[in-house]
Amino acid sequence: MAMATGTATTTTAVEQLVAQTLQAATNPSHEIVQKAEAQLSEWEQQPGFFPTIARLSVKLPGSAVDAEVALKVRWMAAVYLKNGIERYWRPNSRQELPAEQKQQIRDVLLQHYDAEEVPQVALQVAVLFGRLARTDYPRFWPDLLPTLMKQLQACSSETDAALQQRILLVLHYVIKALASRRLMAEQRAFEELGSQIFSYLAWDIWATLTGRFLQQVKSGEEAQALSALQRAYIVMRSLRKLIVYGCSKPYKSTDHMNFVEQLFQRLRQCLELRYELRMGPGPARASQLISELERFILKMMKALNELVERHSISFARFVPVALEFSFHYVFHEGTALIFDAGDRINFTNFAIQALNMLKGIMLSGNDSICAPAATELATGTGAGSSLEDELLASAAQSNAKFFTVERVTYICEKIVTHYFLLTQQELEEWQQDPEGYDQDDGGGDAWKYALRPSVETLYFTCFTQHSTVMIGEVLKFVRRAQQLQLSPDSDLKAILLKDAIYNAVGQAAFHFFNKLDFGSWLTSQLLAELRIEAPNFRILRRRIIWMVGHWVGVQLPRELRPLAYEACLHLLRPQEDMPTRLAAARTLNLLLDDFEFMPEAFHPYFSPLFEALFLLLHEAGECDTKIVVLGTMTLLVEKMSEYIEPQALQFIAYLPLLWRESEKYDLLRCAIIGTLEQLVRTIRDVPEPMKPFLYSVIRLSTDLQQHSHVYLIEDGIMLWLAVIGNSTVLTPELLALCDHLLPIIEMSSENLRTVLQLIHAYILLDAQAYLSRYGEGFVDYCVRSFEDIRVEGIIAMLRIFETCLKTDASMGLRLVRPALPFVFQQVCLKQEYPMTMGWYLTIVARTLLIDQAVFMSVVQQLPHTDALARILDVWIEMFPMVPDTHAEKRKLFCLAFASIFGNNELLLARLPHILQLVDETLGEVMDKQFAVAEDGAARTTPRYYDSLVIHDEHELDELQQQLCTEDFHSKGYPAKTYHDDRHRQLVLKDPVYKIPLTEYLKWQLQALQSQLGSARYEQLLRSVVPEVLERITMYIEQTVPKACVVCAGGGGGDGSGAEAPNEAEPVESG
């Protein structure tokens, strides 16, 4: 269906057809809607479709279709066009609409948008304008704003109120979209636009409408007043964007400064008017008027707060006014306007904005930034200071003048005795929704939207800015609380006051370090109040245990920790209400996670606390509650790993049920997986009945076909790693999980490091089973990825290659063979950093030791005729860059060099350099011991042994720090695992730790001598530095077995007891 061309009759028919389809898309029948959406989606690619949708989204005078188009069709057309812009409007996109169709849409919208009278459709059209403007203005749509401003100036605010409101709405969304652009040139363009239209919108529109609204309310014209207020609100939204984002330095603009001043005046008038409307009798229209007026007040407050945040210098002029304004309405006489007679707040959002304004001014940095400027201003020495300095200095003086000791004391008293008191509404929420009430929502940006968090942040800010005064004042309240003795019959008012005081002490606990003896207070009063069982005392019980948690990291003596454990146990009883039990669980978490936690002191309380937490977890109904309790239990398992096993079985048995119940809660499942991981690491031997559940959890969380993998995959891999580490046999179920490994790293490299750790663990567990099934696929992935991943990824892959070569030499070499050309080529090019080159050379050395034929076949594959010479030269050059701490790698290189000693000119020419490197390595790996020459003689003869040769695990313990399995213990878990044992066994098989370097070197030199003949061999040795040759000879001749610590008599060089390798076999074997 072509929609772009045709006669008027054809166009009308097309519009009717599209209109019918849009109408069908609003049908209640799901099948009809699906068919309509499919048809519309098919038409999207047809020329002229979106211009047709644009015509259907507005009222077109004289159109044949217009009379038949219902309201919901216009709304659906506007929504469809708005969504289509996301896919088809962006420049240079594959499906971008042609320029002529875009122009048709813009023309239709701009010519007819103002005819829409239905607010819902008008809003969609306004949003549509904003999205188009963000992309097209001013380059492709230069007449947009001039046309809007011309239409706005042409209509009368009295006779054309509805039309003016529609124009203002479109203008607002255009300004909002332009303000959101972040390129520097676009921001400058918006600032230029703001300078052109701000004055007209602020004074000719906003000021006029606001004044008319206030006048009409007083004269009783409520309908007209409501219309004026709604328009003033829309303009205020635009002005907020213009003053915050449309002017880089508002303090240089008289219009902007006068407007901010006018905002404070209008705020006072509107607050008083709101109070009058609330107090006086009125119809339902008055309720709507109050609601709209509150929106208008909040929008003005938000504009001021954003100005404080983004333009503190410009706001500096208004600091005295702003401080007095906020203080008046939230702490002083003005509170009567936002509080009912019973101290119940009726305008919470305004109080939040006013409190945030106070906090914003205090944190704006004026005190610290302009203290020098303030001093200059006061002393008259700052004659040359800039306007900015003067404004900041003035603001600093205003701050200091306002926040006197008396004022700060008054604010502290009001916060503690008024705002910190639990309200009747909060107590009702406690009763009606216990789990929801106790959710810790005070973090993040909660202070911007909730009253209690905003009060608490202001309170803490007062401490940071005026700590001395605040500490003294709160200590007075503490003494008052200590003197106030409560009994089970005490009234609720006294309990709420104590709760507020305890809240104040807990919120600023760090400021009371060495100022308040909390331990003494805890033992003398708080624990006794904790034991009072009266119904209202649940408030204090919860607050006291909460306060203990806040003092854990401040000043809770170690000898009082058992009292805190007992308190947590007491409040975790089933008869306590849920908020108190959850507060105890959170405090216990803080106690466990503290630096001074001692497992031995906690042990007597471990079992009952674990059972209490387990019962709480079972009784909790909300997902967030279970996450809190599960987090505490997980930490308990980690900290008390030595004592967990008796309780672990019961806990493990419950987790499958919790897993099934949490099917819809991915965050809870993340917590469950984390708990499972900690349990597996702790108990080491996983119970057999638990393994199928663990495997199913790992399978689900790492299956990319499951939607939940987005949330669970990272925790699932860590659990998988823990299970592999504590497994002794590679079962078919455990092996089948590996089907998920390659898809995970093929999809993204985000989890590459952990997946490579998993592969490494699998190879150590059962190299034959894993590599025979998945080895080729993994090596193929590595070969494809070498050019694209970072150095850390390459090193991890090379580490796995080395493990393959060490576990099963012949099979490992066959598997990594496709990757060897890349490794050898990188050595030839010598473009990598020393650390990466060290790993490349490690693979080269292992290959050479295992099979020299494979080594030479790879060398012949390289695109260099002198590839072998290049490799040897780079190897010799990079050898000294191997760190001294990696003596085992230096020894490996020397073994590889020695393995190719033979009648080859390339090698013979480099033999002096190689022997010099061997000499340096011998100096590092050979340790000295003494053999007694004669019984009872004082003289001793020095003998040497290879310190890297290990005969059993007892000797391996001495090298444990050098051989630590950092790939597995990525999180620093101290517990030993079966993975560690397998790694130790692999070390014992490694030729580096089995073969003495001197014995192998001696045998290879003897073989070289037999090949060259004595004369040529002697001639070759004369080219070696004499001192080097002397030391090598000394090491060879005076080597003794490592096990022979004291040897009577000579113990010559051939007393090693280690057999030389067979000439026909490589050093490493399968």
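Predicted model: local features only at pLDDT ≥ 70, side-chain atom pairs only at ≥ 80, totals over all residues.
Welcome! Residues are numbered from 1 along each chain as its sequence is written, and side-chain values use heavy atoms, with hydrogens and water left out.

**Helix 38 and helix 39**
- Ala, Val, Leu, Ile, Met, Phe, Trp, Tyr, Cys and Pro count as nonpolar, Asp, Glu, Lys and Arg as charged, and the others, Gly among them, as polar.
- The axes of helix 38 (residues 791-807) and helix 39 (residues 809-816) come within 5 Å and cross at roughly 145 degrees. Axes are lines fitted to C-alpha atoms, for helices over the stretch in contact, and angles run from 0 to 180 degrees between N-to-C directions.

**The second largest cavity**
- The structure holds six cavities of 30 Å³ or more. On a 1 Å grid over the protein atoms alone, a cavity is a set of points where a 1.4 Å probe fits but cannot get out, and lining residues have an atom within 4 Å of a point.
- The second largest cavity has about 50 Å³ of space, where a volume is the space filled by probe spheres set on the points.
- Its lining is made up of Tyr 113, Glu 116, Ala 122, Val 125, Arg 166, Leu 169 and Val 170.
- Helix 8 gives the largest share of this lining, three residues.
- Five of the lining residues are nonpolar, none are polar and two are charged.

**Ile 175**
- Ile 175 is found in helix 8 and is buried, with a relative accessible area of 0%. Buried means under 20% relative accessible area (1.4 Å probe, protein chains only).
- Beyond residues up to four places away in sequence, Ile 175 touches Phe 190, Ile 197, Leu 201, Ser 238, Lys 241 and Leu 242.

**Gln 353**
- Gln 353 sits in helix 15 (residues 348-363) and counts as buried because its relative accessibility is 11%.
- The side chains of Gln 353 and Asn 305 are joined by a polar contact of 2.7 Å. A polar contact is a pair of N or O atoms within 3.5 Å; within protein, one must be able to donate a hydrogen and the other to accept it, and residues adjacent in sequence count only if both atoms are side-chain atoms.

Methods
1 Å grid on protein atoms, 1.4 Å probe; cavity = no way out; pocket = protein on both sides within 12 Å on 5 of 7 lines; lining within 4 Å. Helix = DSSP H or I, 4+ residues; strand = E, 2+ residues; numbered from the N terminus. Buried < 20%, exposed > 50% of the residue type's maximum accessible area, 1.4 Å probe, protein only. Contact = heavy atoms within 4.5 Å.
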